[in-house]
Amino acid sequence: MTEIKVTCQKLASRISEKLELSADEQYQLFSAASQGIDRDSGGRGLDQIKVSYVLGILIAVYICFSDPKRAVQHLRRPNSDFPFDGRSPLDLMMTGTEGLRLTRKYFDEKAQPLGKDDPVYKWALNSILSD
């Protein structure tokens with residue numbers, strides 16, 4: 001397994017813990033299902049683009065709410081704003097790459113993403129990656 005895939009697998013695992021995702025939710029959110037990957041593939045079926053989108057979404061939500069627990073709760077609550085139309089952001093994220101793109105765009109606009117050297121950005125990223 002290449003180093004990128006191992007890192008991607010670890011990142012997906014960390015994000016899954018932070019979002020308190022069930023095994024089915026993890027599979028639906030991160031899998032490269034179009035490649036015919038089964039659930040017991042040991043992380044080889046991860047779609048790196050999807051993992052990247054979810055990381056960006058989570059960073060932006062952490063920035064918006066300044067409280068990781070509230071950020072995760074917000075992702076699970078119904079939202080009447082476009083593009084969610086009454087669904088939760090997580091529900092839209094589960095629909096695939098386009099749902100992830102729309103969710104990322106929405107939260108990036110809300111968070112007004114900061115540069116990677118900004119302390120708030122670093123705090124959000126460290127909060128996600130730490131135990």
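**Inside the model**

Colleague: What does Ile-15 touch, leaving out residues up to four places away in sequence?

Modeller: Ile-15 touches Phe-30, Val-51, Val-54, Leu-55, Leu-58 and Ile-128. Contact here means heavy atoms within 4.5 Å.

Colleague: And which residues have the most contacts inside the largest nonpolar core?

Modeller: Ile-15, Leu-19 and Leu-29, in a core of 34 residues. A nonpolar core is a set of buried Ala, Val, Leu, Ile, Met, Phe, Trp, Tyr and Cys residues joined through side-chain atoms within 4.5 Å. Buried is under 20% relative accessible area, exposed is over 50%, and partly exposed is in between (1.4 Å probe, protein chains only).

Colleague: Which elements give two or more residues to this core?

Modeller: Helix 1, helix 2 (23-30), helix 3 (48-65), helix 4 (68-76), helix 5, helix 6 (97-111) and helix 7 (119-129). Helix 3 gives the largest share, 11 residues.

Colleague: How many helices and strands are there overall?

Modeller: The protein has 7 helices and 0 strands. Both are DSSP runs numbered from the N terminus, helices being H or I with at least four residues and strands E with at least two.

Colleague: Before I go on, where do these coordinates come from, and how are things counted?

Modeller: This is a predicted model: local features need pLDDT of at least 70, side-chain atom pairs count only at pLDDT 80 or more, and totals for chains, interfaces and linings use all residues. Residues are numbered from 1 along each chain as its sequence is written, and side-chain values use heavy atoms, with hydrogens and water left out.

Colleague: What is the mean pLDDT?

Modeller: The mean is 86, and 85% of the residues reach 70 or more. pLDDT is the predictor's confidence in each residue, from 0 to 100. Over residues 34-43 the pLDDT is below 50, and that stretch has 9 contacts in the model beyond near neighbours in sequence. Where pLDDT is low, the predicted coordinates should not be read in detail.

Colleague: Which elements have the lowest and the highest mean pLDDT?

Modeller: Helix 1 (residues 3-19) has the lowest at 84, and helix 5 (residues 89-93) the highest at 97.

Colleague: Different topic. How many aromatic pairs are there?

Modeller: A search of the whole structure finds 4. Rings of Phe, Tyr and Trp (its six-membered ring) pair if their centres lie within 6.5 Å; planes under 30 degrees apart are stacked, over 60 edge-to-face and the rest tilted. One of the pairs is Tyr-62 with Trp-123, tilted, at 6.1 Å centre to centre and 40° between the planes.

Colleague: Which parts does that pair tie together?

Modeller: Tyr-62 is in helix 3 and Trp-123 in helix 7, so the pair ties together parts 61 residues apart in sequence. Tyr-62 is buried at 2% relative accessible area, while Trp-123 is partly exposed at 32%.

Colleague: What about Phe-84 and Phe-107?

Modeller: Their ring centres are 6.1 Å apart with the planes at 40°, so that pair is tilted. Phe-84 lies in the loop between helix 4 and helix 5 and Phe-107 in helix 6, 23 residues apart. Phe-84 is buried at 0%, and Phe-107 is buried at 2%. Ring pairs link Phe-84, Tyr-106 and Phe-107 into a cluster.
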